[in-house]
Amino acid sequence: MNFSQIKEKLKDKTVGVAGCGGLGSNCAVALARVGVGKLIIADFDVIDEGNLNRQYFFYHQIGEKKSLCLQQNIHLINPTTRVTAHDLMLDSNNIYEIFKDCDVIVEAFDKAEMKQMIIEAVLDKLPQTPLVIGLGVAGWGDNNSIGCRQLDYLYICGDEKREVTDQLPPLAPRVGIVANMQANTVLEILLKDSSWTLY
Amino acid sequence: MDIILNNRPESFDFEKLTISEILKLKNYSFKMMVVRINGRLIKKPEYNLADVVDGDDVQILHLISGG
């Protein structure tokens, strides 16, 4: 499949991105670059200077809403990707309404309890929608510990070990690897039904 | 009983166990997790109630912060 054929295939696809931080901002940008037609993004937070060590925002955007800034940044990269931005806190009650039309959902939260919440909500209410989660992104180095595995409709990207702490912060390289691994998994799912396949 | 726990065969000297009992026996002290028995989601209030029996496929996914 050449890039025109890939873009043709992706232009009718919708991907949900739950969280616009380190995982979500980088994953959404990668998906927009390759031509996913529609992104539905959500985050309640504002950009802090400390976020710029890994998140796809710019210095002048500090203090602004993450969801709206990510929508603007994506528009500057690929204006053909339509982005619906929700400036709100996702919870088990609104996930269905916001993401029900998505072909794939990307989990891109930072807190473990939010990851649990969305996994349970999607398994409960959207059991046929693939969910790609990021798990274990902290620190630096140790590339080979990062992997991806599948449990039915749940895809897990990350090392599944390294939790963020004061001494093991989330940083651009490792968070970016996992975010792009999530985007790569989304592509694998979206392009799977095509005649051309690697597998 | 013989079960599959996180894709690996596992034997316990019990006919059945709850999720809470398995967590204790395996010394899993995860604060946040997602548990499924044969693909069925088991939420936290059910950890003391849901029985795991011979042949079951149990997935316990440990959730950690970072993103």
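Predicted model: local features only at pLDDT ≥ 70, side-chain atom pairs only at ≥ 80, totals over all residues.
Student: Which residue in E3(A) is the bridge partner of A:Ala42?

Tutor: The partner of A:Ala42 is A:His86. Residues are numbered from 1 along each chain as its sequence is written, while chains are lettered from A and ligands numbered from 1 in the order in which they are written.

Student: What makes E2(A) and E3(A) a pair?

Tutor: Strands are DSSP runs of E, at least two residues, and helices runs of H or I, at least four, numbered from the N terminus. Two strands pair if DSSP finds at least two bridges between them; E2 (residues 38–42) and E3 of chain A have five, in the parallel sense, and therefore they pair.

Student: How do you know that the span of helix H5 of chain A agrees with expectation?

Tutor: The expected span is 1.5 Å times one less than the number of residues. For the 14 residues 112–125 of H5(A) this gives 20 Å, and the end C-alpha atoms are 20 Å apart, so the two agree.

Student: How many residues of chain B are in contact with chain A?

Tutor: Contact requires C-beta atoms, placed from the backbone, within 7 Å; 12 residues of chain B are in contact with 26 residues of chain A.

How values were computed:
Contact = placed C-beta atoms within 7 Å.
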